[in-house]
Amino acid sequence: MKKLALIVLCAAAVSACGVSKRMEKREPLKVTPGDVEVIFDRTLDPVVANIEYQVEIPPKYVATRAQVILQPLLTDGRNVYRLTPLKVNGKTYEKLERRKVFFGEEFPRIMKREMDIVEGKNGTVVKLSDAIPFEPWMADAKLFVNQYYAACGVVHPKSSTLLAENVKLLVPEPIVVERPVVVVVEAAPVVHKREYVVGLNYRVGSAVIDPALDANKQVLDGLKSFMGGFVNDKHKAIDHVVVIGYGSPDGPYALNKKLSAERAQKVREYLLANYKSLKPASVEHRNVAEDWDGLRILIEGSSLQAKQDVLRIIDSSQTPDTKEAELKKMGATYHELAQKYLPELRKVVVQVYYTKTE
């Protein structure tokens, strides 16, 4: 049994169209849930959710030129958090040790991943554990594992398995020592979260906040009102603020990554300049170069005629720029995406985490 942090299996090239029918007929891999829990303890920074499950891979399950993809995700119907996928290539059950690689920048929000691999006569059992930053909506979330198989250069959905209805909130328990003394660890105050979508308009290729541009003044007035609900309320104390810049999947990925980061940074600077009670260390900024998850949620709830074709491209393992090129080949469908859905993804979100006092 071996453990490695932040591990996935290497993907291999997929070809030979005869493989697709064989993979379609096979039963989905058996996925068994383990513990899904949130350690809600302020002594931990940040609060984390531990998610465990195991996958059983029978011998010769994956055809030589095929690939099976397992995508675990948490969702409450509105929010989606995709965990690190597990990709199993043909003959992987014989070559797992040689196909382990450290997982890089593509899934930066996985704090820690561990994998135990046990090989036996009946195949391979892979036990996985992810630790991710906890967000309040996750307390009402369900854990699913979606399975796909790739053959002939196409990714096909195979099954979706519900692993857990909701997570378990764990708070510190009182500690009783042998002597007639009880040491009580006080539970930390509940941290609440509210967020405001800063839908600013920018000049092309710019991250500068221009109040005179389009409806930006009204957007900034809304942000002022939102922040005032915390800084002017003596019963609320801001714990920390997270500013997230989102880009849409149109244009080069490298440019979108740069712009989404710069726009988040500019909003962070705006908050620090206008709200002196905020400490720089308590205001962080992040960015999502291209919000493919957000696009998927919009398309799933849409009446787009080519919905399934668009979802297939979104769920594929291709690079972001390749996915965009495939979408652009869809002509009128891409035009509808560009006009109706992509602008909604270009935004900065301000998340305020706060506690309440009596």
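**Notes on a predicted model**

1. Gln71 and its contacts. Leaving aside residues up to four places away in sequence, Gln71 touches Arg82, Leu83, Pro85, Phe144, Val145, Asn146 and Tyr148. The structure under review is a predicted model, and the points below should be read accordingly. Gln71 itself belongs to strand 4, which covers residues 67–75. Its relative accessibility is 9%, so Gln71 counts as buried, the limit being under 20%.

2. Dimensions of helix 4. This helix covers residues 253–274, a run of 22 residues. From its first C-alpha to its last it reaches 32 Å, close to the 32 Å expected at 1.5 Å a residue.

3. Which residues of helix 4 are buried? They are Asn256, Leu259, Ser260, Arg263, Ala264, Val267, Arg268, Leu271 and Leu272.

4. A search of the whole structure finds three aromatic pairs. In one of them, the ring centres of Tyr196 and Phe226 are 5.5 Å apart and the planes stand at 25 degrees, so the pair is stacked, as the angle is under 30 degrees. The pair links distant parts of the chain, with Tyr196 in strand 15 (residues 192–198) and Phe226 in helix 3, 30 residues apart. Both Tyr196 and Phe226 are buried.

5. A tilted aromatic pair. Phe230 and Tyr354 also form an aromatic pair, here with 5.0 Å from centre to centre and 55 degrees between the planes, and this pair is tilted. Phe230 lies in helix 3 and Tyr354 in strand 18; the two are 124 residues apart, and the pair again links distant parts of the chain. Phe230 is buried, as is Tyr354.

6. The aromatic cluster. How are Tyr196, Phe226, Phe230 and Tyr354 linked? Ring pairs join these four residues into a cluster. Helix 3 contributes Phe226 to it and also Phe230, while Tyr354 comes from strand 18.

7. Charged side chains over rings. Arg263, listed above among the buried residues of helix 4, lies over the face of Tyr202, at 4.2 Å from the ring centre. A further case is Lys347, which lies over the face of Tyr246, at 4.7 Å from the ring centre.

Conventions:
Residues numbered from 1 in each chain as written. Predicted model: local features only at pLDDT ≥ 70, side-chain atom pairs only at ≥ 80, totals over all residues. Heavy atoms only, no water. Helix = DSSP H or I, 4+ residues; strand = E, 2+ residues; numbered from the N terminus. Buried < 20%, exposed > 50% of the residue type's maximum accessible area, 1.4 Å probe, protein only. Contact = heavy atoms within 4.5 Å. Expected span 1.5 Å × (residues − 1). Phe/Tyr/Trp six-rings, centres within 6.5 Å; stacked < 30°, edge-to-face > 60°. Lys NZ or Arg CZ within 6 Å of the ring centre and 35° of its normal.
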